[in-house]
Amino acid sequence: MGIDIGSSSVKVVIGEYDGQTISFGGSGIASTKGVKKGKITNLEEVVRGVKEAYTKAKRVAGISPELTFVAISGMYGKSIYSRGIVNLPEREIHLREINRAIKNAVYNARIPQDSQILHAIPYQFQVDNMEGIYDPIGMGGNRLEVDVHIVLIEKSALENVKRIFKQAGIPVAGIVLSPFASGLGVLTQEEREQGSAILDVGYTTTNIGIFYNKNLVAFDKFGVGSHHITKDIAEVAQIPIKEAEKIKKNFNALLKHTKISVKSNTIPPEPQEVSVRTIATALVMRMKEMFLIYRKLLAKTPFRKYISTIAITGGFAKFPSIDKIAKLFFPKQVVRVGIARQIQNFSSSGGESELSVAVGAMVYGVGREILYELDHDNRFRGKHNPLSGIGPEEDVPLPPKREEKRRERVKQPQTTSTQSTERKKEILDFRDLSRRQGRQEDGVWKKFLNMLNNLF
Ligand SMILES: Nc1ncnc2c1ncn2[C@@H]1O[C@H](COP(=O)(O)OP(=O)(O)OP(=O)(O)O)[C@@H](O)[C@H]1O
Ligand SMILES: [Mg+2]
């Protein structure tokens, strides 16, 4: 079972794992008011939400999950990078040596007092002088070096999550950072290998995960989500939030009209006419601002040059033509909507983009998609030991030797994911883009792009 504690709702997804694949069993969603911008502010409220979503999902799935993996918002997290080195007296690399090398990187890292390690993810290895190795298992040499992405989390946030599940009576098998989970749920192995970004745009937050070499190499966060668009519409049209939410979700249908009739936010509410253009202006302005910030955040990561695919997920991904809108800001990348496809029967059962994190938490829990990591309990886990962590000094049989695919070495980032490197700010030419795209699109989209032209 995977659980995502979001700012608007708790999502639970239950699946069955047969040792090869995970099959979707059912999901449950419960609204909650106990989370503000990804941060838990009311424990009791979240406990109630967790119990409700869990009961709903269990009823749909008809099974009681054995293991629970919980996603924690990236809003609590921070990246640091470290390097570990170990000698190889036996001249051969087993899991034990990899485990030691990652632990050495953790030992070398400076962890602030109020933080704890959530994940230590090795993203490239070096054996003697051979750099850019994805997986050194079975290789021989004198020295193993590893670059590790360490995901830190606020201690208090982790304690709160543990407390919530204790109170809800649900034992937790593992905890995962939400953009790590959504990336595992949504991005294909190839996308994670080539380099890609997941943008999880939720209620009041955006969580960004960057993957390269199949690993989470960086992440970022931003305290704006789809609800800010609703609020802007409500404000500009002077209408209640509920009405603005409906308008946002049916925005494409709206474009056929110049004026619409909505209830005012007066008491008692009265029907009033609002110009579509006024609403569209507010919506487009907010979206433009959001995407320019996403672009800036992606531009500052040292891994930017590897990002070839951008997948948008979370509730906002359901906005009509969101992939086409995003493409205006990321013309060089493949842009797509991200539904969690890494489990069977999910999309055919009406899988929604809001569930990507919860599905991904399950994929994380199974462990097959992760090469190696140290988790929040310092357990060394990954695809060689799916579902459970092996003890720090234990070892398991070696997988068959194989040819190692070498890559260009990635320079270890010296910065945390929140520090920036400068990049030229490009101003988008909507006119030109819309002319090019408009030819291929349907009437509604053309109208939307025309509207963008008039606005900017
Ligand atoms: N068709 C749509 N177009 C735009 N936004 C939508 C659409 N459908 C749902 N949403 C928005 O998605 C948001 C909820 O998304 P989600 O469930 O991913 O958020 P969350 O996980 O609870 O919050 P967060 O990730 O910020 O902590 C709401 O603001 C809702 O308005
Ligand atoms: Mg969310």
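**Reading a predicted fold, one feature at a time**

Guide: Welcome! Let's start with one residue: not counting residues up to four places away in sequence, Ala317 touches Val201, Ile312, Ile322, Val337, Gly338 and Ser353. Please keep in mind that this is a predicted model.

Visitor: Thanks! Where in the chain does Ala317 lie?

Guide: Ala317 belongs to the loop that runs between strand β17 (309-313) and helix α10 (322-329). One of the residues it touches is Ser353. Ala317 and Ser353 are 36 residues apart in sequence, yet their C-alpha atoms are 6.4 Å apart in space.

Visitor: Is Ala317 buried or exposed?

Guide: A residue counts as buried once 20 or more other C-beta atoms lie within 10 Å of its own. Ala317 is buried because it has 25 C-beta neighbours inside 10 Å.

Visitor: And how would I read burial and contacts for the protein as a whole? What percentage of its residues is buried?

Guide: Of the 456 residues in the protein, 46% are buried. For contacts, take those between residues at least 6 apart in sequence: 67% of these join residues at least 24 apart. As for secondary structure, the protein contains 13 helices and 20 strands.

Visitor: Which way do β2 and β3 run relative to each other?

Guide: β2 (residues 9-17) and β3 run antiparallel, joined by 9 bridges. In that pairing, Tyr17 stands opposite Ile22 of β3. Parallel pairs are present too: β1 and β6 are joined by 3 bridges, with Gly2 opposite Phe69 in β6. β6 and β11 are also parallel, over 4 bridges, and there Val70 stands opposite Ile175 in β11.

Visitor: Which residues of β6 are buried on its two faces?

Guide: Phe69 and Ala71 are buried on one side of β6, and Val70 and Ile72 are buried on the other, so that both faces are covered.

Visitor: On to helices, then. How do I describe two that pack together?

Guide: Two packed helices are described by the angle between their axes and by the distance between those axes. In this model, the axes of α6 and α7 come within 8 Å and cross at roughly 115 degrees, and the crossing is right-handed. From α6, the contact uses Ile229, Thr230, Ile233, Ala234 and Ala237, while α7 brings Ile241, Ala244, Glu245, Ile247 and Lys248. By class, the contact residues are 7 nonpolar, 1 polar and 2 charged.

Terms used:
Residues are numbered from 1 along each chain as its sequence is written. Chains are lettered from A and ligands numbered from 1 in the order in which they are written. This is a predicted model: local features need pLDDT of at least 70, side-chain atom pairs count only at pLDDT 80 or more; totals for chains, interfaces and linings use all residues. Two strands pair if DSSP finds at least two bridges between them. Axes are lines fitted to C-alpha atoms, for helices over the stretch in contact, and angles run from 0 to 180 degrees between N-to-C directions. A crossing is left-handed if the near helix is turned anticlockwise from the far one by less than a right angle, and right-handed if clockwise. Two residues are in contact if their C-beta atoms, placed from the backbone, lie within 7 Å. Ala, Val, Leu, Ile, Met, Phe, Trp, Tyr, Cys and Pro count as nonpolar, Asp, Glu, Lys and Arg as charged, and the others, Gly among them, as polar. A residue is buried if 20 or more other C-beta atoms lie within 10 Å of its own, exposed if 12 or fewer, and partly exposed in between; C-beta atoms are placed from the backbone.
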